[in-house]
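Let's walk through this structure together, one piece at a time. Have a look at it first, and then we will begin with a pair of helices.

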Amino acid sequence: MTEPSAAPPTDAPPNSPGAHGLENLLSEERRFPPSSEFAAQANATADAYAWANADRPGFWADQARDLLTWSTPFTQTLDWSDAPFARWFADGRLNAAYNAVDRHVEEGRGDRVALHFEGEGGDTRTLTYADLLREVSRAANAMTALGVRTGDRVAIYLPLIPEAVVTMLACARIGAPHSVVFGGFSAEALSSRILDAEAKLVVTADGGFRRGKPSALKPAVDEALAKGAPSVAHVLVVRRTGQPVEWTQGRDVWWHDAVEAASPEHTPVDVDAEHPLFILYTSGTTGKPKGIFHTTGGYLTQAAYTHLNVFDLKPETDVYWCTADVGWITGHTYVVYGPLLNGATQVIYEGTPDTPHRGRWWEIVQKYGVTILYTAPTAIRTCMKWGAEIPGKFDLSSLRVLGSVGEPINPEAWMWYRRVIGGDRTPVVDTWWQTETGAIMISPLPGVTAAKPGSAQVPLPGIAADVVDDDAQPVPNGGGGYLVLTEPWPSMLRGIWGDPERYKDTYWSRFAGLYFAGDGAKKDDDGDIWLLGRVDDVMNVSGHRLSTTEIESALVSHPWVAEAAVVGATDETTGQAVVAFVILRSDVVEGNAADAATVQETLRTHVAKEIGPIAKPRQILVVAELPKTRSGKIMRRLLRDVAENRQVGDSTTLADSSVMDLIAQGLATPVAASED
C-alpha cells in the first residue's frame, strides 16, 4: 500500500467520495493469475465480456434459455419502457422450485446429495434431490391445505435447518412470495415485516441452537402477532429444540402433523417470469421497513449464471458451502436458489464458527470435502485473530475456490485467506452485490482474472457499472467517486413492496438514469474497482474525504491488530474525527506487549505512515469484541454512538448484545490521543 501526500482542503459537499483523498488511497501491486491447469477447465471464458458487451440483452437471453427450463418460452427479453421498472423475459412462464429440484430428478440426478446439514450440536441430515422433491411437495400440499394460494405472502422465521430451504421452495412451488425474516430479529422487527407484506402464514420453529444452547423463536412470533396481524391465519411450527411453547388453538399447527402427513406428490404452479418470488426487508433502517422484492425469471437467470461462473461450479464433483443464513440475500441466492438451480451438492450449518471449538468450520470442510467456500471478511478476520494454527490442524486440501462477500475485504485478510485456508493455490473471488441487485455484479472470474487482493475488480459479463463524480461523469483511472449501475440487469429489484415512489426516490434520484448503489468506490490505475463502503462511511476530516475501509485496512495490516472498525465522530475543530476500535491479536494480549498508551500511539503512527497524517485516528480504543449482527456485519452506527458519547441505539439485531456493555465499560477511562 502506497503512502499518499496529504490533499489540500476542498469546498466539495459532504459525502462526496470523489472530492479529495480517495484518489491516492488504494493500490496493490500483487497479482495472482490463474494456473494454466485451472484456466483450462474453467467454466468462465475471457470472450464472455466481448459477447455480452456486443449484445447485453441477447447474452442474458442465452443464459436464461441454457440455465433454466421454461414451461412457456419467452419471446421478449427486456422491456425498459417504464424505466426504472424493468421487465425481463416477461411473456415466459416457469416455476422456481421445478427448476431447483424436479428437473434434476427427472434427468436422473435424484440420488445426488442436495444438502448435507450439520447441526450445531453435531446432529446431521443428508437430503438427496429426490428427498428434497418429496419434502418440498409435502410442504406445498400442507400450505395449500392451510389456505395459502398463489400470490399470498408467507413469512418465514426459522433457524438454518433443512426446513428453511424446504419452506422457501414450497412457497415458490405454489407461487406464494416468501418473506424470510432473520431469526435474530426482534418481535418488533418481525411484526413490522409481517404487517407490511400482509403475510397469510408464518412458518417458524420452537427455537434453534446457538452456542450450545437452545434459543427460542416461537415466543417472538407470538409477541409479534399479539401486536395485531389480521392477515395471518396460521402459524406452522417446526419442532427443533423441544422447548415448551405457548399454543394458540386453531392458529398454531405443528410441522410434523401437517407436513409429514401430506402427499409427496404435487404439481408446481407455473407463473409469469415477472411474478414476485420473494420480499426481503433490508435491516438497519428506521421508519417503515423497506421491502425489496424480486421476481422469478430474471432473478433465477442471474443467480444460476453467477453461481456457475463466479465459483466455477462442477456440480458432479464439487461440494459447495456458503456460510450465510437464509435470512439474508446471500442465503437466498447462494444457499437456496443458485446452488440448487445448478444441481450442486452443498453444506448448510446451523451454528457458529467457534462452537464447540474454534476449528468447527475447518472440521466441517474436512468432513465433507468442501471444495468451494463463500464467507464474509468479518469471519475471515476473526479466524485470523484466533491464529493460523487452528485451521492448520485440519485437512483443507479439498478447497479449490474461495469467495468473499458482505463488505470490502482488506488486502491482508485476502492474503491470509488465500495462504492459510487456500494453501496458496486457490483463486479468491471478492464479490460485490446487494440485496437490491439480487446477485453478484462485480467480481473476478476464476480461470480468467488475475486476482488483486482487496479489489472486486471488474463488472461481470452482462453487467454495466461505473464510478462517477458529483456530476455523474465517469472518473478517470485513479479517481474516486460513487458506484453506479448504468444498464438494467436481470436480477435487479423490481421495487419496494407497495411503495413505487420510494423505490424511485431511494435508488434513481441521485443521478438521472443511473442506479446509485449507495457505495463509494475507486478505480485504481488499472481501472479495477475498489469498494470503499457506504458513502455514509466516507468521513470529512478538515475537508479531506477519508474512507473508513482504507483506515481499517491500514490498522489490520499492523501485526498487533486482528480486527478493526473505524467511524467518524463529530469534532469541533475538524468537522469529523477518526475514531478506531481495534481487537488485538491474542499473542499481543497474552504477552502484554504494550500498554494502552503505547498501543494507541504505535497504531496512530502506523496509519499515518500507511495513508498520511490526516488519517491518524483521534482515538484508538482497544476492545475485546466488536458489535456484529449474526450475518457478521459490524454495526458501525452503534460504535458511532459510543464515539460521540450518545446513548447507544437499538442493538437487538446483534449476535451478542452484551458486547456494547463491555465496550462502554472499557471506555470509562479511555486513553487520550496525543496532540499533533
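Helix α4 passes helix α11 in a left-handed crossing, meaning that the near helix is turned anticlockwise from the far one by less than a right angle. The model is predicted, with pLDDT of at least 70 needed for local features and 80 or more for side-chain atom pairs, while totals for chains, interfaces and linings use all residues. Residues are numbered from 1 along each chain, and side-chain values use heavy atoms, without hydrogens or water.

Two packed helices are described by the angle between their axes and the distance between the axes. For α4 (residues 96-106) and α11 (residues 329-341), the angle is about 50° and the axes lie 8 Å apart. In contact (heavy atoms within 4.5 Å) are Ala96, Asn99, Ala100, Arg103 and His104 of α4 with Tyr337, Leu340 and Leu341 of α11.

Now turn to another pair. Helix α13 (residues 377-386) packs against helix α14 (residues 411-421) at about 70°, with axes 10 Å apart. That makes α13 roughly perpendicular to α14. Here Ile380, Arg381, Cys383 and Met384 of α13 meet Glu412, Ala413, Trp416 and Tyr417 of α14.

Finally, find Glu274, in the loop between β13 (271-272) and β14 (276-281). Is Glu274 buried or exposed? Its relative accessibility is 14%, so Glu274 counts as buried (under 20% relative accessible area, with a 1.4 Å probe and protein chains only). The Glu274 side chain also makes a polar contact with the side chain of Arg494, at 2.9 Å (a pair of N or O atoms within 3.5 Å, one able to donate a hydrogen and the other to accept it).

Definitions and conventions: Axes fitted to C-alpha atoms, helices over the stretch in contact; angles between N-to-C directions. Helix = DSSP H or I, 4+ residues; strand = E, 2+ residues; numbered from the N terminus. Parallel < 35°, antiparallel > 145°, perpendicular 65-115°, else oblique. Buried < 20%, exposed > 50% of the residue type's maximum accessible area, 1.4 Å probe, protein only.
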